[in-house]
There are 2 protein chains.
Amino acid sequence: MTPTVPLRSRKAQIDRTATALFRARGFAATSMRELATELGLEAGSLYSHIKSKEEILHRVCFGLAEDFFTDFAVATADASTPVAEKLRQAIEGHVRVLTRDSAASAVFLHEWRHLSEPARTEFLSLRDRYEGSFRALIARGIAVGELHAPDTAFATLTLLASLNWLPSWYRPDGKLTPDEIAHRLAEQLLGGLLTNK
Amino acid sequence: MTPTVPLRSRKAQIDRTATALFRARGFAATSMRELATELGLEAGSLYSHIKSKEEILHRVCFGLAEDFFTDFAVATADASTPVAEKLRQAIEGHVRVLTRDSAASAVFLHEWRHLSEPARTEFLSLRDRYEGSFRALIARGIAVGELHAPDTAFATLTLLASLNWLPSWYRPDGKLTPDEIAHRLAEQLLGGLLTNK
DNA sequence: TTTGTTTGCTAACGAGCGTTAGCAAGTATA
DNA sequence: TATACTTGCTAACGCTCGTTAGCAAACAAA
């Protein structure tokens, strides 16, 4: 009755379950025995599939970072698109990544601090680069007159802050679909930035 | 040379130092031995002043909750003040609490999950009540035509999200004073909400 | 001078931690 | 049939955790 071929590799199952636990309790407060129990295993058995607890965290954090970069690149690829429209698509892309796996997103946003060096520094520089891409987009939008904001840095910070708050309240079984959320957030946040509104 | 009367009670010193460590490493990843070392003590000595590790977290979280409520009440007390102006003052009050002790604020925002029941539930209901106050203010502003937003709930969430991101980047020795930050944030965030702008 | 409070120490408790070694069964490939 | 990979177990390692008991010095209030 139980399928002999698992739907996902054991390693992927461990990652998923660990991500959910890391989100719910935090990385440090999640024990390998807890994780094993959740999977119906003994603690030691986990190490047939992974090298360490931190390895899981590393994979989640850097995997999601890659997702964010990919979606941003797609959203801003076309040179003929107006900046404001690029920003809208970047916002929607960001929201899409956040909603696709909100547990992993929450871990990405909050648990990276438990990475040890040099991964921690490497992660932070990726995050800075990503934020920089948004800031550059907004700055260019202001330069060409499509957007306006009293302070570019503040505008960028508040924009990303609003987006990144999403995993704290998003529920996959909620009333709004990810696309609707992405659209409303873009509406709300671009609304304060557009020159002609 | 060393003062016989400490500037703060030992208990308050423990709270302050613990708050800084909780912010930097997270509650679960901070050990009592680490905290004791930071204070030049042995681990066991801490227990002459406090009952438990969680007691410190409890004091920080609920102490700050009180601060938020107090400042909000002051900002919205005068019945003759226009709603938009009340909201501006509530925003500035919120920022004032966040900047007054950004370490405690970060703990308040992120470490409350490590409170055990029933404190955890109690804390969450306080937080919900506070968010509800902001939502009610915005809703009233929309009702009387001073504000506009496509979605009240979204407007509230993005507003508070932007504000609560502050402890992540605020540095007391930065270029901007807390008042300047409060003013700019209010400007930026009200800008998207005001009807006539 | 007595009493109580504040402060801090040493030593240890039971428990849980992440991780490893060694073994074994099942499955897939050759 | 032989080989190798996947999967999982038991048992234990050294270590750290939060916390407690018991003692003692310093100091303030009576």
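Asp151(B) forms a salt bridge with Arg184(A), with the closest N and O atoms 2.8 Å apart, a salt bridge being a side-chain nitrogen of Lys or Arg within 4 Å of a carboxyl oxygen of Asp or Glu. The count between chain B and chain A is four salt bridges. Helix H1 (10–25), helix H7 (152–164) and helix H9 (178–191) of chain B each supply at least two residues of the side that touches chain A, helices being DSSP runs (H or I) of at least four residues, numbered from the N terminus; H7(B) gives the most, with seven residues.

This is a predicted model, in which local features need pLDDT of at least 70 and side-chain atom pairs count only at pLDDT 80 or more, whereas totals for chains, interfaces and linings use all residues. Residues are numbered from 1 along each chain as its sequence is written, chains are lettered from A and ligands numbered from 1 in the order in which they are written, and side-chain values use heavy atoms, with hydrogens and water left out.

Between them, chain B and chain A bury about 2,500 Å², 64% of it on carbon and sulfur atoms, where buried area is the accessible area (1.4 Å probe) that two parts lose on being put together, summed over both. In chain B, Phe154(B), Trp165(B) and Gln188(B) lose the most area to chain A, together 28% of what that side buries.

Turning to the DNA, a phosphate oxygen of DNA strand C is 2.4 Å from an N or O atom in the side chain of Tyr47(A), and one is 2.8 Å from a polar backbone atom of Met32(A).

Key. Polar contact = N/O pair within 3.5 Å; in protein donor to acceptor, adjacent residues only side chain to side chain.
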